[in-house]
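Q: Please take a close look at one part of this model, the aromatic side chains, and then at the packing around them.

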Amino acid sequence: MRVKEMVGGERRETGRIDVLPVMAGPTRGGGGGDDRDGRGIGTGIVTKTRPKTKKPSLYKVLILNDDYTPMEFVVHVLEKFFHKSETEATQIMLHVHHKGYGIVGTFTRDEAETKASQVMDYSKQYGHPLKCTAEPEGFSG
């Protein structure tokens, strides 16, 4: 059923409300209300409330500095796993080199942990001790 209301002198449709039969239980005091034939059936408006969905927690992916992993390899990792341009990857790598760590991106927990794990596995495969972690978004370093 469409709901119409008067808006500025015009009738406009404002939404949809489903009217479904509602089973009414026996009433106290011997009946009454709209239950004229005693069957306990009437009509009413049934509304559905949607549960509030909570946004997933976000995690920052960090790369940690070490004295052994070549800078070029860090840039390569940033391009490969985080789709950074060469310029952006170089800036992040230099930040990691000077500050000790760098935030590479913010993701859901599963994405962040997967990316950190992929970076660690890839680095290990090529013989580099590069560390990558996933920290809750409130991480301040």
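A: Rings of Phe, Tyr and Trp, the last by its six-membered ring, are paired here if their centres lie within 6.5 Å; planes under 30 degrees apart count as stacked, over 60 as edge-to-face and the rest as tilted. The model is predicted, and by this rule it has five aromatic pairs. One of them joins F73 and Y122: with ring centres 5.8 Å apart and planes at 10 degrees, the pair is stacked. Since F73 belongs to helix α1 and Y122 to helix α3, the pair ties together parts that are 49 residues apart in sequence. Both F73 and Y122 are buried. A single aromatic cluster is formed by F73, F81, Y122 and Y126.

Another aromatic pair, F82 with F107, is tilted, at 6.3 Å centre to centre and 40 degrees between the planes. Here helix α1 supplies F82 and strand β6 supplies F107, so the pair ties together parts that are 25 residues apart in sequence. F82 counts as buried at 7% relative accessibility, and F107 does so at 18%.

Beyond its neighbours within four places in sequence, V119 is in contact with V77, F81, F82, L130 and C132.

Helix α2 can be taken separately. Its 14 residues should span 20 Å at 1.5 Å a residue, and its end C-alpha atoms are 20 Å apart, which agrees. A89, I92, M93 and V96 are the buried residues of α2. They sit on the same side of the helix because they cover an arc of only 100 degrees around the axis. Their cover includes β5, α1 and β6. T87, Q91, H98 and K99, on the other side of α2, are exposed. G100 follows α2 and has a positive phi, near 100 degrees.

The loop between α1 (71–82) and α2 (86–99) holds K84. Its relative accessible area is 19%, so K84 counts as buried. A polar atom of the K84 side chain lies 3.2 Å from the backbone oxygen of V104. Not counting residues up to four places away in sequence, K84 touches L78, E79, A89, I92 and V104.

Technical notes
Residues are numbered from 1 along each chain as its sequence is written. This is a predicted model: local features need pLDDT of at least 70, side-chain atom pairs count only at pLDDT 80 or more; totals for chains, interfaces and linings use all residues. Side-chain values use heavy atoms; hydrogens and water are left out. Helices (H or I, at least four residues) and strands (E, at least two) are DSSP runs, numbered from the N terminus. Buried means under 20% relative accessible area, exposed over 50%, partly exposed in between (1.4 Å probe, protein chains only). A polar contact is a pair of N or O atoms within 3.5 Å; within protein, one must be able to donate a hydrogen and the other to accept it, and residues adjacent in sequence count only if both atoms are side-chain atoms. Contact means heavy atoms within 4.5 Å. The expected span of a helix is 1.5 Å times one less than its number of residues. The arc is that of the directions from the helix axis to the C-beta atoms.
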